[in-house]
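Let's take a walk through this model together. Have the viewer open, and we will begin with the rings.

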Amino acid sequence: MAQTNTTELEAVNTLLHSIGEAPVNSLLSLPIDGTQAHNTLNEVSREVQASSWHFNRLYDYTLSLDTDSKIPLAENIMRVDLDNTKYSQLTYNVIKRGGFLFNKVGNTFVFDKALDSQVTIFLPFTDLPENARRYIVLRASRMFQDRTLGAGSLHKYQRDDELNALAVLKQEEMDTADHSIFDNYDTWSIINRGNVIK
């Protein structure tokens, strides 16, 4: 049998197993516990991905203007920020508001040009790396079990597994993201002082 990454169906069945329920064969017509398990899995996936990891962060992502000089944002964009090395915070301090980019400097949705940004994307479960899937499944299992059964003894064992999975995910983040002290804005501003950004 070929070894593959965790599927969404396997993830839901892991959650169901955590409360002693029988597995399901499909995600299409789930029983009530299956629907709650699937919802919990999606909830935790959103929560984890909102933290912005190397696997769901895009750099130099161009945000283009629409015909009204607004910048619409795709629904799967969870977070957006501009590169402080390219744009002054005195000119642009942007956030996602509704489905558009909003500039807090001037309190406006209207922009005069396309902007290069860094965005955090919400990815489907099957697009996540295996270590992220494992952490999400274990965290969702613990939360689902706590909400459904509330058994304290089971909570401790699941919490330990969850913390181990988080440590592995953070190690993968460090290995793949190539973090540097020069990625930090405070460090960059000291090194770059004297240069003016427009």
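The structure holds five aromatic pairs, where rings of Phe, Tyr and Trp (its six-membered ring) pair if their centres lie within 6.5 Å, with planes under 30 degrees apart counted as stacked, over 60 as edge-to-face and the rest as tilted. One of them joins W53 and F55, stacked at 6.3 Å centre to centre with 10° between the planes. W53 is buried at a relative accessible area of 10%, while F55 is partly exposed at 22%; buried means under 20% relative accessible area, exposed over 50% and partly exposed in between (1.4 Å probe, protein chains only).

Y92 and F111 also make a stacked pair, with centres 6.3 Å apart and planes at 20°. This pair links distant parts of the chain, 19 residues apart: Y92 sits in the loop between β2 (77-82) and β3 (94-97), F111 in the loop between β4 (100-103) and β5 (115-121). Helices (H or I, at least four residues) and strands (E, at least two) are DSSP runs, numbered from the N terminus.

Now look at S52, in the loop between α2 and β1 (57-63). With 8% relative accessibility, S52 counts as buried. Beyond its neighbours within four places in sequence, S52 is in contact (heavy atoms within 4.5 Å) with R57, R79 and T120.

A word on the basis: this is a predicted model, where local features need pLDDT of at least 70, side-chain atom pairs count only at pLDDT 80 or more, and totals for chains, interfaces and linings use all residues. Residues are numbered from 1 along each chain as its sequence is written, and side-chain values use heavy atoms, leaving out hydrogens and water.
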